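Visitor: Please take me through this model. I want to hear what each label rests on.

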Amino acid sequence: MPLLDVKIYGEEVLRKHSEPITKVTSELVALAKDMLETMYEAGGCGLAAPQIGKNIRLVVIDTTRPDEEEPNPYIMFNPEWEVESDSEDVEYEEGCLSIPEIWCNVKRPGKVVVRYTDEYGDPKEIHDCIGLFARCIQHEYDHLEGKLFVDFISSADHALNQLKLRKMAKKA
Ligand SMILES: [Zn+2]
């Protein structure tokens, strides 16, 4: 399976709203598998379609630790999430394959429910997603809305990383 080219901060495709997927086709499933391969190769735990240059509502996630656990990949078409009623906000360091070498704290709801269509075209709902999985769902969903984690970092962190971001955007 071919590895895909990951788009970097500054590329327009990362800032666009992505379109819903009306039918899960074998081509889309093959694309999702290539995205997983690309994500594993880059050492990431999530990848959204805009990051490989396609503005469609598809994300892939696997938050298992590569050398310690069996892989547990999720392919999510048209994902939506909501905060669970007993959720508390959590601050945690985030990075992004499209924004290399920058890691900053982002505050997000700690417990969510996610709804999506899986690779067989079946609707799925997972309650009480927590930890890295909950964070990843929200981070990847943001990509589908054209948002990036650096939009949510503190102004101090933004100031610290401004030069790196500007350089990245210039190369894109
Ligand atoms: Zn990202």
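Visitor: In which strand is P100 found?
Guide: P100 sits in strand β5, residues 99-109. Strands here are DSSP runs of E, at least two residues long, while helices are runs of H or I of at least four, all numbered from the N terminus. Residue numbers count from 1 along each chain as its sequence is written. This is a predicted model, so local features need pLDDT of at least 70 and side-chain atom pairs count only at pLDDT 80 or more, whereas totals for chains, interfaces and linings use all residues.

Visitor: Why does P100 count as partly exposed?
Guide: Buried means 20 or more other C-beta atoms within 10 Å of the residue's own, exposed means 12 or fewer, and partly exposed is in between, with C-beta atoms placed from the backbone. P100 has 13 C-beta neighbours inside 10 Å, so it is partly exposed. Its C-alpha lies 15 Å from that of H143, 43 residues apart along the chain.

Visitor: What makes I75 buried?
Guide: I75 has 22 other C-beta atoms within 10 Å, so it is buried. It belongs to strand β3. Leaving out residues up to four places away in sequence, I75 touches A32, V60, D118 and E119. Contact requires C-beta atoms, placed from the backbone, within 7 Å.

Visitor: What is the sense of the pairing between β6 and β7?
Guide: Antiparallel, over five bridges, with β7 spanning residues 123-129. Y116 stands opposite K124 in β7. The hairpin of β6 and β7 has five residues between the strands, and G121 takes a positive phi near 85° there.

Visitor: Why is the protein chain called as compact as a globular protein of its length?
Guide: Start with the fold order. The chain has three helices and seven strands, in the pattern α-β-β-β-β-β-β-β-α-α. Its radius of gyration is 16 Å, close to the 16 Å that the globule rule gives for 172 residues, so the label holds. The radius is taken over C-alpha atoms, and the rule is 2.2 Å times the number of residues to the power 0.38. The C-alpha trace spans about 45 × 40 × 35 Å along its principal axes. Buried residues are 30% of the 172.

Visitor: What makes a group of residues a nonpolar core?
Guide: The members are buried Ala, Val, Leu, Ile, Met, Phe, Trp, Tyr and Cys residues joined through C-beta atoms within 7 Å. The largest core has 27 residues, and M35, L47, V59, V60, I61, M76 and I137 touch the most other members. The elements giving two or more residues include α1 (26-42), β1 (46-48) and α2 (131-144). α2 gives the most, with five residues. A second, separate core has eight residues, among them Y9, L14, V106 and F149.

Visitor: Why is helix α3 said to lie largely in the open?
Guide: Of its 17 residues, the number buried is zero, so α3 lies largely in the open. α3 (residues 155-171) reaches 24 Å from its first C-alpha to its last, close to the 24 Å expected. The expected span is 1.5 Å times one less than the number of residues.

Visitor: Where is the kink in α3 centred?
Guide: On N161, at about 55°. The bend at a residue is the angle between axes fitted to the seven residues ending there and the seven starting there.

Notes: Two strands pair if DSSP finds at least two bridges between them. Two residues are in contact if their C-beta atoms, placed from the backbone, lie within 7 Å.
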